[in-house]
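Please keep the model open beside the text as you read.

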Amino acid sequence: MSEKMYTAEELRDRVRGAVEHRAMWMGLIYLEGKKVGYDAEEIIRAAITRMGEIQGGMVKEQLENPDDVRQFRAGFMNPVTSSVFAIDIKNEEQNDLKVEFNYCALVEGWKKLGVDQETMELLCDMAMDGDRAIARTMGYGFELGDTIAQNCPVCKIRFSKEK
C-alpha cells in the first residue's frame with residue numbers, strides 16, 4: 001500500500017492542526033494546574049524555555065555560520081514553518097531579521113478552548129519563551145512586538161545579532 005501524497009495546502013493544514021493540538025494541551029495544563037493550586041505559569045515557562053534551549057542548540061549545530069541571522073532564518077523558518085504561520089520576511093540582513101506571522105495556530109487552539117483574552121495573551125507570552133530561549137542560545141537579541149493573541153492582525157518578531 002502506498003502512502004498518500006499531500007498537497008502543500010494539505011500538509012500546511014495538518015501541521016496547523018498539530019500545533020493547535022499542542023496549544024490546547026498547553027492551555028489545559030495551565031488551566032488545570034492553576035485550578036489545583038500549582039504555579040502552572042512557572043512550570044510551563046520553565047519547560048518551554050528548556051525546549052527552546054534544546055531547539056536553539058540543534059539549529060545552531062546545523063549552521064555553517066551561526067552569527068549570520070540569514071542562515072538562522074533559512075534553518076529555523078523552513079518552507080513548512082513559513083507556510084504554517086504565513087510568515088512574511090520584512091527585513092533580512094546578516095545581523096537583523098524582522099518577520100511577521102499572519103496566522104497563529106496556537107491562538108486558534110486557545111480559542112477552541114474558549115480561554116479569555118487575558119489568559120490567551122499570557123499563554124502566548126509563555127509560548128514565546130521558547131523563541132526567546134532559541135534567540136538567546138543562538139546569541140541573538142529577540143523582540144516581540146504586536147501579537148495575534150492581542151487581537152493584532154500579525155505577530156511582529158525580530159531576531160538580531162550585535163555586530
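The largest nonpolar core of this predicted model has 42 residues, and Met26, Phe72, Leu106, Trp110 and Phe159 have the most contacts inside it. A nonpolar core here is a set of buried Ala, Val, Leu, Ile, Met, Phe, Trp, Tyr and Cys residues joined through side-chain atoms within 4.5 Å. At least two residues of this core come from each of helix 1, helix 2 (40-62), helix 3 (69-76), strand 2 (96-101), helix 5 (105-113), helix 6 (117-138) and strand 4 (155-160). Helix 6 gives the largest share, 10 residues. Helices (H or I, at least four residues) and strands (E, at least two) are DSSP runs, numbered from the N terminus. In soluble globular proteins, nonpolar side chains tend to be buried together.

Before going further, two notes on the numbers. Residues are numbered from 1 along each chain as its sequence is written, and side-chain values use heavy atoms, without hydrogens and water. Because the model is predicted, local features need pLDDT of at least 70 and side-chain atom pairs count only at pLDDT 80 or more, while totals for chains, interfaces and linings use all residues.

Which helices do the buried residues of helix 2 pack against? They pack against helix 1, helix 3 and helix 6. The buried residues of helix 2 are Ala40, Ile44, Arg45, Ile48, Thr49, Gly52, Gly56 and Val59. The end C-alpha atoms of helix 2 are 33 Å apart, which agrees with the 33 Å that its 23 residues should span at 1.5 Å a residue; the expected span is 1.5 Å times one less than the number of residues.

The contacts below (heavy atoms within 4.5 Å) leave out neighbours up to four places away in sequence.

| Residue | In contact with |
|---|---|
| Met26 | Ile44, Ile48, Trp110, Leu123, Met126 and Ala127 |
| Arg45 | Leu122, Asp125, Met126, Asp129 and Arg132 |
| Gln117 | Ala149, Gln150 and Asn151 |

Arg45, in helix 2, is buried, because its relative accessible area is 18%. Buried means under 20%, exposed over 50%, and partly exposed in between (1.4 Å probe, protein chains only). Gln117 lies in helix 6 and is partly exposed at 30%. Gln117 and Val69 are 48 residues apart in sequence and 33 Å apart in space, C-alpha to C-alpha.

Leu11 belongs to helix 1 (residues 8-35) and is partly exposed, with 36% relative accessibility.
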